[in-house]
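Trainee: I would like to learn how to read the charged pairs in a model and then the overall build of its chains. Could we go through these topics in turn?

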Amino acid sequence: AQTVTQSQPEMSVQEAETVTLSCTYDTSESDYYLFWYKQPPSRQMILVIRQEAYKQQNATENRFSVNFQKAAKSFSLKISDSQLGDAAMYFCALKLNTGTASKLTFGTGTRLQVTL
Amino acid sequence: NAGVTQTPKFRVLKTGQSMTLLCAQDMNHEYMYWYRQDPGMGLRLIHYSVGEGTTAKGEVPDGYNVSRLKKQNFLLGLESAAPSQTSVYFCASSRTYNEQFFGPGTRLTVL
């Protein structure tokens, strides 16, 4: 079975600063995807960024980037130039690329506060 | 393009009552999923479907049933609601191995 662990229940960052959210995972498979989802107070789950395990290059989406360490099974999210709108719950998720189903395994989330 | 929609957005039930949550997607996705989200926990998969007419159990299927009679719809049923089923329910859809798109969620309270 796969597991995803987010060890930081809450994080805080000042506006315009940089923050890194941690995620570790465990799987015996070698072919998988990793995702970061954002859940603002509206409850809507929004995809922030994804990483394919076979790609060594770290994914980047504007102010969001990841540090993917496959050997260490670590997948952290870095948010640069933090904005008030970044305040939300952030979930790390793992999806195996095997079989016919495309199921996501989620971590417990990190609540990010952005202060002025 | 509405994406993934869920009906209703909120519902309060009494123990033992039944109800059906409706999920609809207009993206022609093959895969659809039902998750529940509880405080302090990530989303957990209840049931999923890999195509019209197919369903399969996820991580926490007990007490729920699902049906996928049409490709665009995925229904989640509670035959006899229990307080332990108080949760926020999310539906999602995906095109095979691509990322999942989520609906806005349904907050269900069982008294």
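Trainee: How many salt bridges are there over all chains?

Mentor: Side chains of opposite charge can pair when their charged atoms come close. Here a salt bridge is a side-chain nitrogen of Lys or Arg within 4 Å of a carboxyl oxygen of Asp or Glu, and by this rule the count over all chains comes to seven. Bear in mind that this is a predicted model, in which local features need pLDDT of at least 70 and side-chain atom pairs count only at pLDDT 80 or more, while totals for chains, interfaces and linings use all residues. Side-chain values use heavy atoms, with hydrogens and water left out, residues are numbered from 1 along each chain as its sequence is written, and chains are lettered from A and ligands numbered from 1 in the order in which they are written.

Trainee: Which residue meets Lys55(A) in a salt bridge, and is Lys55(A) buried, exposed or partly exposed?

Mentor: The partner of Lys55(A) is Glu52(A), with 3.0 Å from N to O. For the second part, buried means under 20% relative accessible area, exposed over 50%, and partly exposed in between, with a 1.4 Å probe and protein chains only. Lys55(A) is partly exposed because its relative accessible area is 41%, whereas Glu52(A), at 14%, counts as buried.

Trainee: What is the secondary structure of chain A, and what is that of chain B?

Mentor: Helices (H or I, at least four residues) and strands (E, at least two) are DSSP runs, numbered from the N terminus. On that reading chain A has zero helices and 12 strands, and chain B has zero helices and 11 strands.

Trainee: How does the radius of gyration of chain A stand against that of a compact globule?

Mentor: The radius is taken over C-alpha atoms, and the globule rule is 2.2 Å times the number of residues to the power 0.38. For the 116 residues of chain A the rule gives a value near 13 Å, and the 14 Å of chain A agrees with it; its C-alpha trace spans about 45 × 30 × 20 Å along the principal axes. Chain B, with 111 residues, has 13 Å, which agrees with a globule value near 13 Å, and its C-alpha trace spans about 35 × 25 × 25 Å.

Trainee: What share of the residues is buried in chain A, and what share in chain B?

Mentor: In chain A, buried residues make up 49% of the 116, and in chain B 50% of the 111 count as buried. Contacts, meaning heavy atoms within 4.5 Å, can also be read by sequence separation: of those in chain A with a separation of 6 or more, 55% are between residues 24 or more positions apart. In chain B, 53% of the contacts between residues at least 6 apart join residues at least 24 apart.
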